[in-house]
Amino acid sequence: MTIKWYPGHMGKAHEQIAELIRKTDVIIEVLDARLPASSANHLLAELRREKPCIKVLNKNDLADSAVTRAWVQTFRKEAGVRALPLSAKQLREVNQLTRLCMQLAPTRGKPGRPLRAMVVGIPNVGKSTLINTLAGKCMAKVGDKPAITTCPQQIDLRNGIILSDTPGLLWPDMGDQVAAYRLATSGAIGAGALDYTSVGLFAAEFMMLRYPEPLIHRYKLSGDADSAVDILEQIGRRLGCLTGGGEIDLHRAAEAFLRELRGGKLGRVSFEEPEQYVEKTIER
Ligand SMILES: Nc1nc2c(ncn2[C@@H]2O[C@H](COP(=O)(O)OP(=O)(O)OP(=O)(O)O)[C@@H](O)[C@H]2O)c(=O)[nH]1
Ligand SMILES: [Mg+2]
(Lines give C-alpha, C1' and ligand atoms only; values in the text may rest on other atoms or scores of the structure.)
(Ligands and ions follow the chains in the order given, each with its own letter.)
Protein backbone atom coordinates (compact mmCIF):
# COMPACT_ATOMS: atom_id res chain seq x y z
CA MET A 1 0.00 0.00 0.00
CA THR A 2 1.29 3.47 -0.92
CA ILE A 3 1.86 5.73 2.08
CA LYS A 4 0.81 9.34 1.74
CA TRP A 5 0.00 11.69 4.66
CA TYR A 6 -0.32 15.45 4.42
CA PRO A 7 -3.16 16.60 6.69
CA GLY A 8 -4.52 20.15 6.19
CA HIS A 9 -2.65 21.80 9.06
CA MET A 10 0.71 20.92 7.43
CA GLY A 11 0.10 23.14 4.36
CA LYS A 12 -0.70 26.01 6.71
CA ALA A 13 2.32 25.18 8.90
CA HIS A 14 4.57 25.32 5.83
CA GLU A 15 3.41 28.90 5.17
CA GLN A 16 3.80 29.87 8.84
CA ILE A 17 7.33 28.42 8.99
CA ALA A 18 8.27 30.26 5.77
CA GLU A 19 7.12 33.51 7.40
CA LEU A 20 8.84 32.84 10.76
CA ILE A 21 12.12 31.74 9.19
CA ARG A 22 12.85 35.27 7.97
CA LYS A 23 13.11 36.46 11.58
CA THR A 24 15.03 33.39 12.76
CA ASP A 25 18.77 33.42 13.56
CA VAL A 26 19.36 29.68 13.97
CA ILE A 27 17.35 26.73 12.71
CA ILE A 28 17.25 23.63 14.86
CA GLU A 29 16.24 20.82 12.56
CA VAL A 30 15.24 17.77 14.58
CA LEU A 31 15.91 14.52 12.74
CA ASP A 32 15.25 11.00 13.93
CA ALA A 33 18.67 9.48 14.72
CA ARG A 34 17.36 6.11 13.49
CA LEU A 35 16.60 7.52 10.02
CA PRO A 36 18.44 10.83 9.54
CA ALA A 37 18.02 10.88 5.74
CA SER A 38 14.38 9.81 5.52
CA SER A 39 13.38 12.13 8.36
CA ALA A 40 14.97 15.17 6.66
CA ASN A 41 12.34 17.33 5.00
CA HIS A 42 13.43 18.82 1.65
CA LEU A 43 10.76 21.55 2.04
CA LEU A 44 12.56 22.73 5.17
CA ALA A 45 15.93 22.54 3.41
CA GLU A 46 14.55 24.86 0.71
CA LEU A 47 13.16 27.28 3.30
CA ARG A 48 16.39 27.27 5.31
CA ARG A 49 18.66 28.49 2.51
CA GLU A 50 21.89 29.86 4.05
CA LYS A 51 20.68 30.19 7.67
CA PRO A 52 22.92 28.49 10.25
CA CYS A 53 21.48 25.12 11.13
CA ILE A 54 21.89 22.62 13.92
CA LYS A 55 20.87 19.12 12.91
CA VAL A 56 19.76 17.38 16.07
CA LEU A 57 19.78 13.60 15.76
CA ASN A 58 17.12 12.95 18.37
CA LYS A 59 16.01 9.69 19.98
CA ASN A 60 19.66 8.71 19.95
CA ASP A 61 18.92 6.44 22.92
CA LEU A 62 17.00 4.24 20.43
CA ALA A 63 19.55 4.35 17.58
CA ASP A 64 22.57 2.15 16.84
CA SER A 65 25.46 4.23 18.23
CA ALA A 66 28.02 3.20 15.58
CA VAL A 67 25.62 4.24 12.82
CA THR A 68 24.87 7.56 14.54
CA ARG A 69 28.61 8.31 14.71
CA ALA A 70 28.83 7.73 10.94
CA TRP A 71 25.88 10.08 10.36
CA VAL A 72 27.46 12.82 12.47
CA GLN A 73 30.66 12.59 10.40
CA THR A 74 28.58 12.87 7.20
CA PHE A 75 26.60 15.91 8.35
CA ARG A 76 29.69 17.71 9.64
CA LYS A 77 30.91 17.93 6.03
CA GLU A 78 27.92 20.16 5.14
CA ALA A 79 28.64 23.90 5.14
CA GLY A 80 26.87 25.93 7.85
CA VAL A 81 25.65 22.78 9.59
CA ARG A 82 26.41 21.41 13.05
CA ALA A 83 25.28 17.91 13.95
CA LEU A 84 24.33 16.96 17.49
CA PRO A 85 23.10 13.52 18.53
CA LEU A 86 21.04 13.55 21.72
CA SER A 87 17.99 12.35 23.60
CA ALA A 88 15.54 15.18 24.06
CA LYS A 89 14.68 14.17 27.61
CA GLN A 90 18.31 14.33 28.80
CA LEU A 91 19.01 17.79 30.17
CA ARG A 92 22.79 17.40 30.09
CA GLU A 93 22.76 16.50 26.39
CA VAL A 94 20.15 19.09 25.44
CA ASN A 95 22.04 21.92 27.18
CA GLN A 96 24.76 21.68 24.50
CA LEU A 97 22.23 23.23 22.12
CA THR A 98 22.22 26.56 23.96
CA ARG A 99 25.98 26.85 23.60
CA LEU A 100 25.88 25.90 19.90
CA CYS A 101 23.13 28.45 19.17
CA MET A 102 25.23 31.21 20.77
CA GLN A 103 28.27 30.15 18.70
CA LEU A 104 26.28 30.25 15.47
CA ALA A 105 24.73 33.68 16.16
CA PRO A 106 27.37 35.45 18.31
CA THR A 107 25.87 38.94 17.94
CA ARG A 108 22.56 37.75 19.38
CA GLY A 109 21.42 36.55 22.79
CA LYS A 110 22.03 39.92 24.44
CA PRO A 111 19.62 42.28 26.21
CA GLY A 112 17.37 43.80 23.54
CA ARG A 113 18.77 41.45 20.87
CA PRO A 114 17.36 37.99 21.64
CA LEU A 115 18.55 35.01 19.67
CA ARG A 116 15.59 33.57 17.80
CA ALA A 117 15.80 29.87 17.10
CA MET A 118 13.15 27.79 15.38
CA VAL A 119 12.70 24.09 16.03
CA VAL A 120 11.51 22.28 12.91
CA GLY A 121 11.18 18.67 11.78
CA ILE A 122 8.84 15.87 10.87
CA PRO A 123 5.95 14.84 13.18
CA ASN A 124 6.60 12.92 16.41
CA VAL A 125 10.39 13.40 16.23
CA GLY A 126 10.59 15.10 19.64
CA LYS A 127 10.56 18.85 18.91
CA SER A 128 8.22 19.76 21.78
CA THR A 129 10.00 17.39 24.17
CA LEU A 130 13.30 19.12 23.35
CA ILE A 131 11.79 22.55 24.00
CA ASN A 132 10.31 21.44 27.33
CA THR A 133 13.69 20.11 28.45
CA LEU A 134 15.38 23.38 27.44
CA ALA A 135 12.68 25.40 29.21
CA GLY A 136 12.89 23.22 32.32
CA LYS A 137 9.11 22.87 32.42
CA CYS A 138 6.21 21.67 30.31
CA MET A 139 5.59 24.62 27.97
CA ALA A 140 4.67 22.65 24.83
CA LYS A 141 2.23 19.76 24.47
CA VAL A 142 3.90 16.39 23.89
CA GLY A 143 2.41 13.05 22.84
CA ASP A 144 3.31 9.62 21.56
CA LYS A 145 1.57 10.11 18.21
CA PRO A 146 2.21 12.44 15.27
CA ALA A 147 0.56 15.88 14.81
CA ILE A 148 0.36 16.82 18.50
CA THR A 149 1.54 20.39 17.78
CA THR A 150 -0.65 21.95 15.09
CA CYS A 151 0.34 25.63 15.20
CA PRO A 152 3.60 27.47 16.01
CA GLN A 153 4.26 28.61 19.58
CA GLN A 154 6.99 30.89 20.95
CA ILE A 155 8.78 30.10 24.18
CA ASP A 156 11.12 32.55 25.92
CA LEU A 157 13.88 30.55 27.64
CA ARG A 158 14.83 33.68 29.65
CA ASN A 159 18.51 33.18 28.84
CA GLY A 160 18.56 35.40 25.74
CA ILE A 161 17.01 32.74 23.50
CA ILE A 162 13.45 32.72 22.16
CA LEU A 163 12.43 29.40 20.65
CA SER A 164 9.62 28.64 18.23
CA ASP A 165 7.99 25.25 18.43
CA THR A 166 6.43 24.30 15.08
CA PRO A 167 4.07 21.58 13.87
CA GLY A 168 5.68 18.47 12.42
CA LEU A 169 5.97 18.88 8.67
CA LEU A 170 5.98 16.20 5.96
CA TRP A 171 5.75 16.75 2.21
CA PRO A 172 2.73 16.28 -0.07
CA ASP A 173 4.35 13.87 -2.53
CA MET A 174 5.91 10.83 -0.81
CA GLY A 175 7.57 9.50 -3.96
CA ASP A 176 10.28 7.59 -2.10
CA GLN A 177 8.24 4.79 -0.57
CA VAL A 178 11.21 3.16 1.17
CA ALA A 179 11.64 6.42 3.08
CA ALA A 180 7.88 6.53 3.70
CA TYR A 181 7.95 3.01 5.17
CA ARG A 182 10.90 3.90 7.39
CA LEU A 183 8.99 6.98 8.58
CA ALA A 184 5.93 4.84 9.25
CA THR A 185 8.04 2.30 11.15
CA SER A 186 9.43 5.10 13.35
CA GLY A 187 5.95 6.48 14.17
CA ALA A 188 6.01 9.69 12.11
CA ILE A 189 2.92 8.91 9.99
CA GLY A 190 -0.65 9.15 11.32
CA ALA A 191 -2.24 5.78 12.15
CA GLY A 192 -5.21 6.52 9.87
CA ALA A 193 -2.91 6.72 6.81
CA LEU A 194 -1.26 3.35 7.47
CA ASP A 195 -1.83 -0.27 6.65
CA TYR A 196 -0.23 -1.64 9.81
CA THR A 197 0.29 -5.10 8.35
CA SER A 198 2.37 -3.78 5.42
CA VAL A 199 4.48 -1.64 7.73
CA GLY A 200 4.92 -4.54 10.18
CA LEU A 201 6.05 -6.81 7.33
CA PHE A 202 8.50 -4.17 6.12
CA ALA A 203 9.93 -3.79 9.64
CA ALA A 204 10.12 -7.56 10.22
CA GLU A 205 12.01 -8.09 6.97
CA PHE A 206 14.40 -5.24 7.77
CA MET A 207 15.11 -6.57 11.26
CA MET A 208 15.72 -10.10 9.96
CA LEU A 209 18.27 -8.76 7.47
CA ARG A 210 20.01 -6.16 9.63
CA TYR A 211 19.49 -7.10 13.30
CA PRO A 212 18.48 -10.79 13.31
CA GLU A 213 19.79 -11.70 16.80
CA PRO A 214 17.54 -9.47 18.92
CA LEU A 215 14.55 -10.42 16.76
CA ILE A 216 15.18 -14.16 17.05
CA HIS A 217 15.98 -13.88 20.73
CA ARG A 218 12.99 -11.75 21.81
CA TYR A 219 10.38 -13.77 19.93
CA LYS A 220 12.19 -17.14 20.06
CA LEU A 221 11.78 -17.47 16.29
CA SER A 222 12.22 -20.94 14.88
CA GLY A 223 14.58 -21.64 11.99
CA ASP A 224 11.76 -22.04 9.47
CA ALA A 225 10.82 -18.35 9.61
CA ASP A 226 12.14 -17.48 6.18
CA SER A 227 9.67 -14.84 4.99
CA ALA A 228 8.38 -11.62 6.53
CA VAL A 229 4.90 -13.17 6.85
CA ASP A 230 6.35 -16.19 8.72
CA ILE A 231 8.23 -13.87 11.08
CA LEU A 232 5.19 -11.67 11.78
CA GLU A 233 3.04 -14.78 12.33
CA GLN A 234 5.51 -16.15 14.86
CA ILE A 235 5.66 -12.75 16.59
CA GLY A 236 1.84 -12.68 16.66
CA ARG A 237 1.76 -16.13 18.24
CA ARG A 238 4.34 -15.12 20.89
CA LEU A 239 2.47 -11.91 21.73
CA GLY A 240 -0.93 -13.62 21.80
CA CYS A 241 -2.40 -11.69 18.87
CA LEU A 242 -5.15 -14.11 17.86
CA THR A 243 -8.58 -13.71 16.28
CA GLY A 244 -11.72 -15.07 18.00
CA GLY A 245 -11.28 -18.23 15.91
CA GLY A 246 -7.72 -18.77 17.16
CA GLU A 247 -6.03 -17.62 13.93
CA ILE A 248 -3.11 -15.19 14.07
CA ASP A 249 -4.30 -11.61 13.69
CA LEU A 250 -1.55 -10.11 11.50
CA HIS A 251 -2.82 -6.56 11.94
CA ARG A 252 -2.63 -6.78 15.73
CA ALA A 253 0.71 -8.60 15.50
CA ALA A 254 2.09 -5.75 13.37
CA GLU A 255 0.79 -3.12 15.80
CA ALA A 256 2.30 -4.90 18.81
CA PHE A 257 5.61 -5.55 17.03
CA LEU A 258 5.93 -1.90 15.91
CA ARG A 259 5.14 -0.72 19.45
CA GLU A 260 7.95 -2.88 20.81
CA LEU A 261 10.41 -1.88 18.07
CA ARG A 262 9.65 1.85 18.53
CA GLY A 263 9.96 1.52 22.28
CA GLY A 264 13.46 0.02 22.06
CA LYS A 265 12.45 -3.47 23.20
CA LEU A 266 14.60 -4.95 20.40
CA GLY A 267 17.62 -2.89 21.38
CA ARG A 268 19.12 0.09 19.62
CA VAL A 269 18.27 0.03 15.92
CA SER A 270 19.07 2.35 12.99
CA PHE A 271 17.00 2.02 9.84
CA GLU A 272 19.52 3.56 7.44
CA GLU A 273 23.22 4.24 7.13
CA PRO A 274 25.11 7.06 5.42
CA GLU A 275 26.46 4.90 2.58
CA GLN A 276 22.91 4.10 1.50
CA TYR A 277 22.13 7.80 1.64
CA VAL A 278 25.10 8.70 -0.54
CA GLU A 279 24.21 5.97 -3.08
CA LYS A 280 20.59 7.17 -3.21
CA THR A 281 21.64 10.78 -3.76
CA ILE A 282 23.93 9.75 -6.61
CA GLU A 283 21.17 7.62 -8.24
CA ARG A 284 18.85 10.67 -8.37
N1 LIG B 1 13.01 7.39 23.48
C2 LIG B 1 12.86 8.69 23.21
N3 LIG B 1 11.63 9.19 23.06
C4 LIG B 1 11.52 10.51 22.79
C5 LIG B 1 12.63 11.36 22.68
N6 LIG B 1 12.20 12.60 22.39
C7 LIG B 1 10.87 12.54 22.33
N8 LIG B 1 10.43 11.28 22.57
C9 LIG B 1 9.05 10.81 22.57
O10 LIG B 1 8.53 11.00 21.25
C11 LIG B 1 7.15 11.32 21.29
C12 LIG B 1 6.87 12.56 20.47
O13 LIG B 1 7.41 13.68 21.14
P14 LIG B 1 6.92 15.18 20.81
O15 LIG B 1 7.87 16.09 21.53
O16 LIG B 1 5.48 15.37 21.04
O17 LIG B 1 7.22 15.24 19.25
P18 LIG B 1 6.96 16.47 18.24
O19 LIG B 1 8.10 16.46 17.27
O20 LIG B 1 6.73 17.73 18.98
O21 LIG B 1 5.63 15.96 17.50
P22 LIG B 1 4.50 16.81 16.71
O23 LIG B 1 4.12 17.99 17.57
O24 LIG B 1 3.40 15.85 16.54
O25 LIG B 1 5.12 17.23 15.41
C26 LIG B 1 6.78 11.44 22.76
O27 LIG B 1 6.22 10.20 23.18
C28 LIG B 1 8.12 11.66 23.45
O29 LIG B 1 8.16 11.20 24.79
C30 LIG B 1 13.95 10.79 22.86
O31 LIG B 1 15.00 11.43 22.76
N32 LIG B 1 13.99 9.45 23.11
MG1 LIG C 1 5.13 19.00 19.00
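By class, the residues in the shell around ligand 1 divide into 9 nonpolar, 10 polar and 5 charged. Please keep in mind, as I go through this, that what we are looking at is a predicted model. The shell holds 24 residues, and the closest to ligand 1 are Gly 126, Ser 128, Thr 129, Thr 149 and Gly 168. Which helix gives the most to that shell? Helix H6, covering residues 127-135, does so, and its share is 3 residues.

Let me step back to the protein as a whole, which has 12 helices and 6 strands. Its C-alpha trace spans about 70 × 40 × 35 Å along the principal axes. Of the 284 residues, 42% are buried, and if we take the contacts with a separation of 6 or more, 68% of them are between residues 24 or more positions apart.

Now to one helix in particular, H10, which runs over residues 228-238 and in which Ile 231, Leu 232, Gln 234, Ile 235 and Gly 236 are buried. What covers these buried residues? The cover includes helix H8 (196-210), helix H9 (212-219) and helix H11 (250-262). Just after H10 comes Gly 240, whose phi is positive, at about 70 degrees.

Methods: Residues are numbered from 1 along each chain as its sequence is written. Chains are lettered from A and ligands numbered from 1 in the order in which they are written. This is a predicted model: local features need pLDDT of at least 70, side-chain atom pairs count only at pLDDT 80 or more; totals for chains, interfaces and linings use all residues. A residue is buried if 20 or more other C-beta atoms lie within 10 Å of its own, exposed if 12 or fewer, and partly exposed in between; C-beta atoms are placed from the backbone. Helices (H or I, at least four residues) and strands (E, at least two) are DSSP runs, numbered from the N terminus. Two residues are in contact if their C-beta atoms, placed from the backbone, lie within 7 Å. A residue is near a molecule or strand if its C-beta atom, placed from the backbone, lies within 6 Å of it. Ala, Val, Leu, Ile, Met, Phe, Trp, Tyr, Cys and Pro count as nonpolar, Asp, Glu, Lys and Arg as charged, and the others, Gly among them, as polar.
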